[in-house]
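Please read the following note with the sequence and the model side by side. Each numbered point takes up one topic.

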Amino acid sequence: MADTEDTGKITYSSYLGLDKLLTAQEPRSTEHDELLFITIHQVYELWFKQLLHELARLQQLLEKGQSTHSMRTLRRILAILKIVVAQLDVLETMTPAQFRTFRDALGTSSGFESIQFRELEAVLGRRDFPKWAPQPEAANRPSVFDSFIRYLATQGYELPDELQHRDLTAPIEASDAMQQLLKHAYDDDASAAAVSELLVDLDEGMQEWRYRHVKMVERTIGGMRGTGGSTGAAYLSSTVGKPTFPDLWAMRSLG
């Protein structure tokens, strides 16, 4: 911060904290590819932070019944998710042999320890976290789905008791009542239907991330255990295909 203290002027470097940002990469080996590994994961954490920021905003907007602003925020979230998935292309330029040259330097650290990603999952409604994973605070708060339920109420849709008094600490499960409500919204072809479709896009984006993540891990370490002791790709595979908002998919079978 010396450049601001000496001149009283905010510079590009001081505003972005580049002195801290660019020295935050500390490889534990002399291997060339470790810097890429660290950089990719640090960038992921920055995007997770931004996604949590945007999702908090989305929940506020939904609960206020603000359709247009909710849709704008959802589109930004979707754009970020595309970048998050695309970053795997860069990581996949590293071969298994290149990763093995510095894998031991990771010790027992693991991506499973990412508190922000667990928070992200919890905000989106996940509640069935394994005991060995960090338990996120957001698991005790309303999820995006719960805010969406309140949004539907602001749009004039009558909520059944089972939706109004849903246990916020319970996983989101498919509900016939919710599916009928959603069908009504889609039949109306109103703003609620447009918001719903963007939530489907969000769900699809998360599923794409999970699938690509699994394939990246399989490509890098095959069936080996993760550095943190997890089952690695085997565990990740168990999360693929599970919808974030099951009712938004199930209602499509109602015709």
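1. Surface patch. A patch is built from residues with over 30% relative accessible area and no salt bridge; like charges are joined within 9 Å, and nonpolar side chains (Val, Leu, Ile, Met, Phe, Trp, Tyr) within 5 Å. Accessible areas come from the Shrake-Rupley method with a 1.4 Å probe, and for residues only the protein chains shown count as cover. On the surface, I10, Y12, Y15 and L16 form a nonpolar patch with about 540 Å² of accessible area together. Y15 belongs to helix α2, residues 12-16, and counts as exposed because its relative accessibility is 67%; exposed means over 50% relative accessible area, buried under 20%, and partly exposed in between (1.4 Å probe, protein chains only).

2. Basis of the note. This is a predicted model, in which local features need pLDDT of at least 70 and side-chain atom pairs count only at pLDDT 80 or more, while totals for chains, interfaces and linings use all residues. Residues are numbered from 1 along each chain as its sequence is written, and side-chain values use heavy atoms, with hydrogens and water left out.

3. Overall build. The protein chain has 13 helices and 0 strands; helices (H or I, at least four residues) and strands (E, at least two) are DSSP runs, numbered from the N terminus. Of the 255 residues in the protein chain, 44% are buried. The C-alpha atoms fill a box of roughly 60 × 55 × 30 Å along the principal axes.

4. A covered helix. How many residues of helix α7 are buried? In α7 (residues 115-123), 7 of the 9 residues are buried, among them R118, E119 and E121. G125 follows α7 and has a positive phi, near 115°.

5. Charge pairs around R126. The whole structure contains 14 salt bridges, a salt bridge being a side-chain nitrogen of Lys or Arg within 4 Å of a carboxyl oxygen of Asp or Glu. R126 pairs in this way with E121 (3.1 Å, N to O) and with D128 (3.1 Å, N to O). R126 is buried, with a relative accessible area of 15%, and E121 is buried at 3%, whereas D128 counts as partly exposed at 45%. R118, E121, R126, D128 and R210 are linked in a network of salt bridges.

6. A pair between distant parts. D146 and R166 form a salt bridge, with their closest N and O atoms 2.7 Å apart. This pair joins D146 in helix α8 (residues 144-154) to R166 in the loop between α9 (161-164) and α10 (176-188), 20 residues apart. Both D146 and R166 are buried.
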